[in-house]
Amino acid sequence: MAGQIILGLLLALMFRFWLKHFKSLVRTIVFFPVVLPVVAVAQLFTKIYEIQPHYGLLNSILAAVGLDNLVQPWLGQASTALGSLCAMDIWTSIGFYAIILFSLP
């Protein structure tokens with residue numbers, strides 16, 4: 001929860017002070033994961049972390065930049081599964097906290 005609120009606060013500060021062009025579009029894109037169904041988000045991250053039969057997005061990027069030693073089954077190991085699910089949860093709810101904190105006076 002700390003990661004959600006801290007990153008949401010950083011996004012809200014970015015909205016308030018640095019974002020000058022396309023404000024509404026960026027806020028909409030940031031809030032979009034909040035309204036996605038949980039099943040759709042789970043399927044998306046399953047494809048990102050997939051190891052078999054083809055590499056998922058994360059492993060493909062790691063292999064493309066030469067970090068082949070980091071390619072692993074992210075959801076299939078006890079040491080990386082919790083962190084992977086936390087990343088999914090943070091991505092899903094960061095927009096909610098960003099918009100709530102942005103709306104404060």
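**Exercise 1.** Classify F17 as buried or exposed.

*Solution.* Start with the scale: buried means under 20% relative accessible area, exposed over 50%, and partly exposed in between (1.4 Å probe, protein chains only). F17 has a relative accessible area of 52%, so F17 is exposed. This is a predicted model, in which local features need pLDDT of at least 70 and side-chain atom pairs count only at pLDDT 80 or more, while totals for chains, interfaces and linings use all residues. Residues are numbered from 1 along each chain as its sequence is written, and side-chain values use heavy atoms, with hydrogens and water left out.

F17 lies in helix α1; helices (H or I, at least four residues) and strands (E, at least two) are DSSP runs, numbered from the N terminus.

**Exercise 2.** State how many helices and strands the protein chain has.

*Solution.* The chain has five helices and zero strands. In sequence order the pattern is α-α-α-α-α. Of its 105 residues, 25% count as buried.

**Exercise 3.** Find which residues make up the largest nonpolar core.

*Solution.* First, the rule: a nonpolar core is a set of buried Ala, Val, Leu, Ile, Met, Phe, Trp, Tyr and Cys residues joined through side-chain atoms within 4.5 Å. The largest one has eight residues, namely L11, A12, F15, L19, V30, I94, A98 and F102.

Now take V30. Leaving aside neighbours within four places in sequence, V30 is in contact (heavy atoms within 4.5 Å) with L11, F15, G95 and A98.

**Exercise 4.** Describe the aromatic pair formed by F15 and F102.

*Solution.* A pair of aromatic rings is described by the distance of the centres and the angle of the planes. Rings of Phe, Tyr and Trp (its six-membered ring) pair if their centres lie within 6.5 Å; planes under 30 degrees apart count as stacked, over 60 as edge-to-face and the rest as tilted. The count by this rule is four aromatic pairs. For F15 and F102 the values are 5.8 Å centre to centre and 85° between the planes, an edge-to-face pair. F15 belongs to helix α1 and F102 to helix α5, 87 residues apart, and the pair links these distant parts of the chain. Both F15 and F102 are buried.

For F96 and Y97, the centres are 5.4 Å apart and the planes at 75°, so this pair is edge-to-face. F96 has a relative accessible area of 38%, so F96 is partly exposed.
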